[in-house]
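Dear colleague,

Please find below the structure that I am handing over to you.

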Amino acid sequence: EAGEALTDLATLGAHATIHACDAADAEALDRTLARVRATRPIGGVVHAAGVLDDGAAISLDAARFRRVLAPKLQAAENLDRLTAGDPLTLFLLFSSATVAFGNPGQANYVAANAALEAIARRRRAAGRPALAVAWG
């Protein structure tokens, strides 16, 4: 489906490429961003990663929190830090309405999304672009 998505984006006038990378791994992300910068400036970031590991709060140990926090929070922190020198006009984070409303069994997911919203507020307070969309 990736090829079809790239074709659709090209039809809309976008030049997009796909790079496989664990964005929670800062070194891997740094190498990937360097490859992208070698071909063109990075003008925007869209962070749409997420992992679910639902369970009653009492059963959510540190490992289960890390599993959910890494792709959302660690990846967003890495993207924020590693693109600080890029001419970004877009820094889009996909959050969740669970931050405002809660969701039984998803304390780790709610925490991860609350952290994304905090990153967006921090970036905006610093005069940098950011938007966290709280999907319903």
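**Overall layout**

The chain contains five helices and three strands, where helices (H or I, at least four residues) and strands (E, at least two) are DSSP runs numbered from the N terminus. Their order from the N terminus is α-α-β-α-β-α-α-β. This is a predicted model, in which local features need pLDDT of at least 70 and side-chain atom pairs count only at pLDDT 80 or more, while totals for chains, interfaces and linings use all residues. Residues are numbered from 1 along each chain as its sequence is written, and side-chain values use heavy atoms, with hydrogens and water left out.

The C-alpha trace spans about 50 × 35 × 30 Å along its principal axes. Of the 136 residues, 32% count as buried, that is, under 20% relative accessible area, against over 50% for exposed and in between for partly exposed (1.4 Å probe, protein chains only). Among contacts (heavy atoms within 4.5 Å) with a separation of 6 or more, 63% join residues 24 or more positions apart.

**The nonpolar core**

A nonpolar core is a set of buried Ala, Val, Leu, Ile, Met, Phe, Trp, Tyr and Cys residues joined through side-chain atoms within 4.5 Å. The largest one has 15 residues, of which F91 and L93 touch the most other members. Two or more residues of this core come from each of α2 (26-37), α3 (62-82), β2 (90-96) and α5 (107-125). Leaving out residues up to four places away in sequence, F91 touches V45, A76, L79, D80, T83, R123, P129, A130 and L131.

V45 belongs to strand β1 (residues 44-47) and is buried, with a relative accessible area of 7%. Beyond its neighbours within four places in sequence, V45 is in contact with L79, T83, L88, L90, F91 and L92.

**Helices α2 and α3**

Helices α2 and α3 pack at an angle of about 45°, with their axes 10 Å apart; axes are lines fitted to C-alpha atoms, for helices over the stretch in contact, and angles run from 0 to 180 degrees between N-to-C directions. Because of this angle, α2 is oblique to α3, the class left after under 35 degrees (roughly parallel), over 145 (roughly antiparallel) and 65 to 115 (roughly perpendicular). Residues A26, L29, D30, L33 and R37 of α2 meet N78, L79, R81 and L82 of α3.

Helix α2 also holds T32, which is buried with a relative accessible area of 7%. T32 touches H19, A20 and C21, not counting residues up to four places away in sequence.

With kind regards
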